[in-house]
Amino acid sequence: LRSKLPHIGTTIFTVMSQMASEEGAINLSQGFPGFGADPVLLDLVGKYTREGFNQYAPMAGIPSMRKILSEKTQLTQGYFPDPDREVTIVSGATEAIFSAVSAIVRVGDEVIILEPAYDSYEPAILLNGGIPVYVPLNSTDFSVDWEQVEIAISSKTRAILVNSPHNPSGFVWAENDLNALANLIRDREIYVVSDEVYEHITFDEKRHFSLGAHPELKEKTFVCGSFGKTFHVTGWKIGYCIAPPALTEEFRKIHQYVTFSTVTPIQYAFAEYLEVPDRYLSIPSFYQGKRDFFAKGLKETLFEVIPSHGSFFQLVSYGHLSEISDRELAEKMTRKLKVACIPVSVFYANKKDDKIIRFCFAKTNEDLSKGIERLQNLR
Ligand code: PMP
Ligand code: GLN
């Protein structure tokens, strides 16, 4: 069989998690919480499965789930998307991104990706016959170089894929970044796929500005989110897409044939769970505690800590310590030191190795402490 994605192998997240488990290493690689979800949420899923909510949900999501998501969006972002015409519940942000890209990208269209970038963007573009155009983020702090983005725009540009808070760097866009993007795509038929899965995980004085709340960008943007990330249940694969009616109409045509609809009892559970805003308003301080705890420990290691302002990831650089590649270091650390991480070069199309590795701090404090203890032994 001639592969449609010849250069793509198993994702690094699977590879490193597997290696961690073979080696009995502390897994600070793949981004998933190492602790349980709120028992109230788990009980609600039990309740709705037992009460018989186990058949297909409506294609766009159950009405109460779409409505409560709009209310949450009003409370956190100051706008209320129309639950019937602008909100779709899907099987994780990965599906939201794939369906949004499929809805807009035609053969030969160019799509701008800011790298380092999450690994699902490129295949979604390629499978739709699109051409990814890579623009590097600033290498010091992973902010966007808007002049470089402007240079990358051509008459073939159909879309730009953006992600804030950013995986892997933890960089969080300021309001000015949204304005810069709006200026660039004004009067052009360029759509935006905005990956906002870490919308509830920002630190210090930073806050997340959704593109859906921006007066201009909202007209052209698919906002993609994930309940799995926010509520510590990544295995449930449930997310959403918010987009204006004309875009949502096209989005749903794809969603309808990718999965048709999303797991029913979990939608009912979230529809009830999200009625209490503190359940998501408390997330930033919870994760800020984890980030502070982990970063403090890392400062006692030889690594150089790169500040993280959002997401549940922490980058460190090691170029001053060793010449080995980030992939080799990640493997060595997993096998010898028994701490697994992700090499950041995998987030680049051209495998740029800046000697940076990524840790996930969405783990128990016990695991974080053990991990740090081992990292402090690195010489
Ligand atoms: N985008 C980014 C930046 C992510 O880190 C992840 C998660 N791992 C996803 C999308 C996918 O989210 P989901 O698990 O809801 O498909
Ligand atoms: N987004 C997660 C990460 O960055 C991984 C999700 C996956 O394994 N596909 O680690």
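Student: Which way does H3 pass H10, left-handed or right-handed?

Tutor: H3 passes H10 in a left-handed crossing (the near helix is turned anticlockwise from the far one by less than a right angle; clockwise would be right-handed). Helices here are DSSP runs of H or I with at least four residues, strands are E runs of at least two, and both are numbered from the N terminus. One caution: this is a predicted model, where local features need pLDDT of at least 70 and side-chain atom pairs count only at pLDDT 80 or more, while totals for chains, interfaces and linings use all residues. Residues are numbered from 1 along each chain as its sequence is written, with chains lettered from A and ligands numbered from 1 in the order in which they are written.

Student: OK. At roughly what angle do the axes of H3 and H10 cross?

Tutor: Helix H3 (residues 63–77) and helix H10 (residues 264–273) cross at roughly 40°, and their axes come within 8 Å (lines fitted to C-alpha atoms over the stretch in contact, with angles from 0 to 180 degrees between N-to-C directions). That makes H3 and H10 oblique to each other (under 35 degrees is roughly parallel, over 145 roughly antiparallel, 65 to 115 roughly perpendicular, the rest oblique).

Student: And which residues make that contact?

Tutor: From H3 you get Ser 64, Met 65 and Ile 68, and from H10 Gln 267, Phe 270 and Ala 271 (in contact means C-beta atoms, placed from the backbone, within 7 Å). Four of the contact residues are nonpolar, two are polar and none is charged (Ala, Val, Leu, Ile, Met, Phe, Trp, Tyr, Cys and Pro are nonpolar, Asp, Glu, Lys and Arg charged, others including Gly polar).

Student: What about H4 and H9, at what angle do they cross?

Tutor: Roughly 125°, with the axes of H4 (residues 93–104) and H9 (residues 245–258) coming within 8 Å. So H4 and H9 are oblique to each other, and H4 passes H9 in a right-handed crossing.

Student: Which side chains meet there?

Tutor: H4 brings Glu 95, Phe 98, Ser 99, Ala 100, Ser 102 and Ala 103, and these meet Glu 250, Phe 251, Ile 254, His 255 and Val 258 of H9. The contact of H4 with H9 has six nonpolar, three polar and two charged residues.

Student: How do H12 and H14 pack?

Tutor: Their axes are 9 Å apart at an angle of about 15°, with H12 covering residues 283–298 and H14 residues 365–376. H12 and H14 are therefore roughly parallel, and the crossing is right-handed. Phe 293, Phe 294, Gly 297 and Leu 298 in H12 meet Asn 365, Leu 368, Ile 372 and Leu 375 in H14. Six residues in that contact are nonpolar, two are polar and none is charged.

Student: New topic. What kind of peptide bond joins Glu 115 and Pro 116?

Tutor: A cis bond, with omega about 15°. Pro 116 sits in the loop between strand E3 (110–115) and helix H5 (121–127). The bond from Ser 164 to Pro 165 is cis too, with omega near -15°, and Pro 165 is in the loop between strand E5 (157–163) and helix H7 (175–185).

Student: And where is Phe 142?

Tutor: Phe 142 is in the loop between strand E4 (131–136) and helix H6 (146–152). Its phi is near 70°, which is positive in a residue other than glycine.

Student: Which residues are around ligand 2?

Tutor: Thr 11, Phe 13, Gln 30, Gly 31 and Asn 167. By class that shell is one nonpolar and four polar, with no charged residues.

Note on methods
A residue is near a molecule or strand if its C-beta atom, placed from the backbone, lies within 6 Å of it. Two residues are in contact if their C-beta atoms, placed from the backbone, lie within 7 Å.
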